Amino acid sequence: MEREMERLEKFRQLMSMLVRKWTVEIMYCLYTRRSMRFTEIRKLLGMNSRTLSNRLLELEQMGLVKRIVDVGKPVRVSYELTSLGRVVGERAYEGFEKLIDAWERANTEASHS
């Protein structure tokens, strides 16, 4: 029972993070593009810098995203999924693909009825 409660708490933490605005979009960008700079993510998603910064920090703290600093001139910062983030991304992407396919089939069947 204690193990189940621990797993439930981890599931709750992960789900509460994933349902926050912009989290899924950021994870998807990093999953599909491997690595992106802060400005690239911000422009692609059309979000403000403060929100993006907060979400990236939260994802880092959860161990899903890592920040990579290239100490050249100028300093460049990029973000990519950690191995844990990649696993979460793969599982979520597979699940979403199945869900979308099922939804499309159901809508197609309903429109032909």
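The model is predicted, so local features need pLDDT of at least 70, side-chain atom pairs count only at pLDDT 80 or more, and totals for chains, interfaces and linings use all residues. Residues are numbered from 1 along each chain as its sequence is written, and side-chain values use heavy atoms, with hydrogens and water left out. Helices (H or I, at least four residues) and strands (E, at least two) are DSSP runs, numbered from the N terminus.

**The sheet**

- Strands of a sheet pair through backbone hydrogen bonds, either parallel or antiparallel.
- Here, three strands make an open sheet in the order β1-β3-β2, and the pairing is antiparallel. Two strands count as paired if DSSP finds at least two bridges between them.
- The edges belong to β1 (35–37) and β2 (65–70), each of which pairs on one side only.
- On average, neighbouring strands of this sheet are turned by 30 degrees against each other, direction ignored.
- β1 is joined to β3 (residues 76–81) by three bridges. In β3, Y79 is the bridge partner of M36, and E80 is the bridge partner of S35.
- β2 is joined to β3 by six bridges. V69 stands opposite V77 in β3, while V65 has L81 in β3 as its bridge partner.
- β2 and β3 also form a hairpin, with five residues between them.

- α2 (23–33) lies across β1, β2 and β3, and runs at about 90 degrees to β3. Axes are lines fitted to C-alpha atoms, for helices over the stretch in contact, and angles run from 0 to 180 degrees between N-to-C directions.
- Helix α3 (residues 38–45) packs on the sheet too, touching β1 and β3. The direction of α3 makes about 85 degrees with that of β1.

**Helix against helix**

- Two packed helices are described by the angle between their axes and the distance between the axes.
- α2 and α4 (residues 49–61) pack at an angle of about 70 degrees, and their axes are 10 Å apart. That is why α2 and α4 are called roughly perpendicular to each other. As for the labels, under 35 degrees counts as roughly parallel, over 145 as roughly antiparallel, 65 to 115 as roughly perpendicular and the rest as oblique.
- Who touches whom? T23, I26 and M27 in α2 meet L52, R55, L56 and L59 in α4, where contact means heavy atoms within 4.5 Å.
- The residues of this α2 and α4 contact divide into five nonpolar, one polar and one charged. In this scheme, Ala, Val, Leu, Ile, Met, Phe, Trp, Tyr, Cys and Pro are nonpolar, Asp, Glu, Lys and Arg are charged, and the others, Gly among them, are polar.
- α2 also packs with α5 (83–111), at an angle of about 100 degrees and with axes 10 Å apart. α2 and α5 are therefore roughly perpendicular to each other.
- In that contact, M27, Y28, L30 and Y31 in α2 meet G85, R86, V88, G89, E90 and Y93 in α5. By class, that makes six nonpolar, two polar and two charged residues.

**The largest pocket**

- The largest pocket has a volume of about 590 Å³. On a 1 Å grid over the protein atoms alone, a pocket is an open set of points where a 1.4 Å probe fits, with protein on both sides within 12 Å along at least five of seven lines, and lining residues have an atom within 4 Å of a point. Grid points are joined across faces, edges and corners, and the volume is the space filled by probe spheres set on the points.
- Of the 20 lining residues, L14, L18, V88, G89 and A92 are the closest to the centre of the pocket.
- α1 (2–18), α2 and α5 each give two or more residues to the lining. The largest share, eight residues, comes from α5.
- By class, the lining has 16 nonpolar, two polar and two charged residues.

- K73 and P74 are joined by a cis peptide bond, with omega about -5 degrees. P74 is found in the loop between β2 and β3.
- W22 sits in the loop between α1 and α2. Phi of W22 is near 80 degrees, a positive value in a residue other than glycine.
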